[in-house]
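Here are my quick notes on this one. Have the structure open while you read.

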Amino acid sequence: MGSAISDKFIRDLQDGGLLSELTKKIQSDDTLMLALRGHYINVYYRGGSILHISEQANGYAAKFDASYFEEEVVALPAATIQAAGDCSNWVAVLPKLKETMNAHFATKRKSEREFQQLAAWENNRSVISNDTEYFITDIEFADRDQGAKLDMVGLKWPSGLRKDETKCKPVLVEMKYGTGSYDGAAGIAKHIADLEGILANPVKREGLNKTIADQFDQLLQLKLVGFNKHANYSRAIVSGRPEVIFLIANHNPRSRKLLNIVDEIVEPKDFDLRFFAASFAGYGMHDACMLDLGKFRALLMQLAG
């Protein structure tokens, strides 16, 4: 999974730093998202990595995934960033790289990943982000030991407790886009089993809490999370019982497939299982929109008639 980046890396991304032009571009472009990965960062566009920048002793290495090229190949800037002008060259080529990825996604759709990034943007940076109660600090979470992958991690901070930085809970979010994503090797039951293996381990839980808190702090430093901090805000502290949320996007209410899967789920012991029922439309996440297993099963039964 991702993790906080070094002090040098964060300084280079801030105003006046070697990579500051890239940060300003992300701040002003709502189609881009920055993910922190420890010794490197990913910039995401439509759920795909448009730019990978890794820390090196003599600067930074930048690369674009050549598998996105279809018929037209874009000339890429120098792979090493050692001066502000090198970073400027990569920022300048981003529009062409977006066109490249648009052409790729037109035939090789990744709808779940695209809407995953949209959900992160709505809760972190949109005009309603201060009103939501969840913040996304990373996407494409992976636990190598468990072989588990999850779409998003972040924290839950209830609106009535914003003056207390200790009231932040760890959150893991899995997006399921359409009925074809409910079962199989990456299905709902498999994710729950994987997460029981991860979150039953107190060492992993503590590591996850620290990572989320560090990432949230660094995203705030880069002005990539929007909420009204109180006057004496210091730093969010993430702790407590984890919450695992399934964000079911574009469910077909005529299908009983999801109900059949949910009927087999047993309440987990080591985390709170929730299902996100949107407040009318949109991906703004609120505690009131999170249904427990019993309420979600009842909703599905009502929809199925």
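1. Surface first: the chain has about 14,000 Å² of accessible surface, and carbon and sulfur atoms account for 50% of that (Shrake-Rupley method, 1.4 Å probe; for residues, only the protein chains shown count as cover). Keep in mind that this is a predicted model, where local features need pLDDT of at least 70, side-chain atom pairs count only at pLDDT 80 or more, and totals for chains, interfaces and linings use all residues. Numbering runs from 1 along each chain as its sequence is written, and side-chain values use heavy atoms, with hydrogens and water left out.

2. On burial, 50% of the 305 residues in the chain are buried (under 20% relative accessible area, 1.4 Å probe, protein chains only).

3. The chain holds eight helices and eleven strands (DSSP runs numbered from the N terminus: H or I of at least four residues for helices, E of at least two for strands). Its radius of gyration is 20 Å, close to the 19 Å from the globule rule for 305 residues, so the chain is as compact as a globular protein of that length (C-alpha atoms; the rule is 2.2 Å times the number of residues to the power 0.38).

4. Along the principal axes, the C-alpha atoms fill a box of roughly 60 × 50 × 40 Å.

5. Glu21, Leu22 and Lys25 of α2 meet Cys87, Ser88, Val91 and Leu94 of α3 (contact: heavy atoms within 4.5 Å).
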